[in-house]
Amino acid sequence: MKTQLTKITLVACIIGVVFQSCKSSQSVTTVDKTVVETTEENVTDQTPLEASTDVSNGYTETVPETDNSFDMVLIPEGTFKMGSPETEANRKADEGPQKVVELDAFYMAKHELTWDLFELFFKQNKELFVKLDNDRVIKIDAITRPSPPYEDPSYGMGKDGFPAVSMSAYSALVYCKWLSTVTGKFYRLPTEAEWEYAAKAGTEGAYSFGDDVSEIDAYAVYYKNSDNKYAKVGSKKPNPWGLYDMHGNAAEWTLDEYKEDAYATTERKNPWVTPTVIHPRSFRGGSWDDDADKLRSSARTGSSLKQQKRDPQIPKSFWWFTDSNYVGFRLVSPKVQPSAEEQKKFWQNVLDE
C-alpha cells in the first residue's frame, strides 16, 4: 500500500511536468489537446437546443462479451457562461467570476454510471473477456484491480439500476481506462467546464429548469425527497439536452483539482485545472443527501479527508472512500477520438503508468 500511495504522490509531479512543471507556481492550465480540444474553429454563442431524450444524437455502447450497455448523448460544441451571477440566490464565492468558456463537442452518458457497469471492473471477471483479441486481453490484465472495499460501498441502498458510489476519483479514472481498453473507445471523466456546460444545457438559470426551486422535485433526488437514500438512475425528468440526474441523486467526480479561485486564472478554451493532489478534487451536481442549493448548475464542491474518516486502514484506501456514499461519476468521450498514442500519454499523465 505504501508503494501505491507513493504512486499517487508521484502523479502530482508527473502531471505538473507534462502540463505546467511541478516547480511552477501556476496551478491551472488548459486541457491537453489530445484529451478534449479537437478543433481550432471559432465557436459562436450556444443557442439552447430543444429538449430531447432521443439517443439518435448519440450512441449506445455495449460492453463486449456482456449484456451491459449505456447511452451516450452528443453535447454540441459551443460557448456558455461558466459560474453564477452575483445575484443568484445561495451563490458562493467559488462560482465566480462568471466567464465565457468555449468547449469542443463531446459525448456524455445519459445517466450516472450504475453498479452493474462498475462491478464488471471491480470484480474483474476476466473470463468474460477472453474472447477479445489477445492484445486487448493483455492490456486488460495489466490494469490494476481495486482492493476490496472496507464495507458495502452501496450501504444497502441498492445496486440494480442504481448509481455506483463511494469510489475515489482515482478509482473512477482507472475504471475509465479499463472501459476504454475493453471497448476500444476512449472514455474519461468530464472537466468541470464540460460538466457545467452539459448541466446547464443552454440555460442560464440556477437550475436547468429555471430559478423556481419549487419545481425541483420533478427533476432531482435530494435531501427532502430522497428518504435518505439514492434512487434508480433516470427516475426524474431530464434536462433540455436529455441528461438525467445532473441535479442530485449522486454527485459526480470531474477531472479537475478543486481551486476556489480557478475561474480567475483558467483559459477561455477547454479549461482544466490539472490535479496535483488527492484532495481536494472537484465534484458536481449535489446528491440525495444535499439541500437544493447544492444542486444548482454552478455549485461546486471540493473533496476532503473527511470522505475517508471511517476507513481504519493504514494507509487509507485510495480506491474507496468510506464516507462518500453520495459521490459517483458520469462518463464522457470526445467527439473526435484521440489517437492510441495520445490516449497512452493521457493515462500515463493522470495515472502515473
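Student: What makes the link between the side chains of Ser 282 and Glu 192 a polar contact?

Tutor: A polar contact is a pair of N or O atoms within 3.5 Å; within protein, one must be able to donate a hydrogen and the other to accept it, and residues adjacent in sequence count only if both atoms are side-chain atoms. The side chains of Ser 282 and Glu 192 are joined at 3.0 Å, so the pair falls within the 3.5 Å limit. Keep in mind that this is a predicted model, where local features need pLDDT of at least 70, side-chain atom pairs count only at pLDDT 80 or more, and totals for chains, interfaces and linings use all residues. Residues are numbered from 1 along each chain as its sequence is written, and side-chain values use heavy atoms, with hydrogens and water left out.

Student: Why is Ser 282 called buried?

Tutor: Buried means under 20% relative accessible area, exposed over 50%, and partly exposed in between (1.4 Å probe, protein chains only). Ser 282 comes out at 0%, so it counts as buried.

Student: Which residues is Ser 282 in contact with, leaving aside its neighbours within four places in sequence?

Tutor: With contact meaning heavy atoms within 4.5 Å, the list includes Glu 192, Trp 253, Thr 254 and Thr 301. Thr 254 is 28 residues away along the chain, yet its C-alpha atom and that of Ser 282 are separated by 5.8 Å.

Student: Where does Ser 282 sit?

Tutor: In strand 9, residues 281–284. Helices (H or I, at least four residues) and strands (E, at least two) are DSSP runs, numbered from the N terminus. An open sheet of four strands has the order 10-9-7-11, with mixed pairing.

Student: What makes strand 10 and strand 11 edge strands?

Tutor: Strand 10 (300–302) and strand 11 (327–328) each pair on one side only.

Student: Why is helix 2 described as largely enclosed?

Tutor: Seven of its eight residues (115–122) are buried, so the rest of the structure largely encloses helix 2. Among those buried are Trp 115, Phe 118 and Leu 120. The buried residues of helix 2 pack against strand 3 (69–75) and helix 4 (169–183).

How values were computed
Two strands pair if DSSP finds at least two bridges between them.
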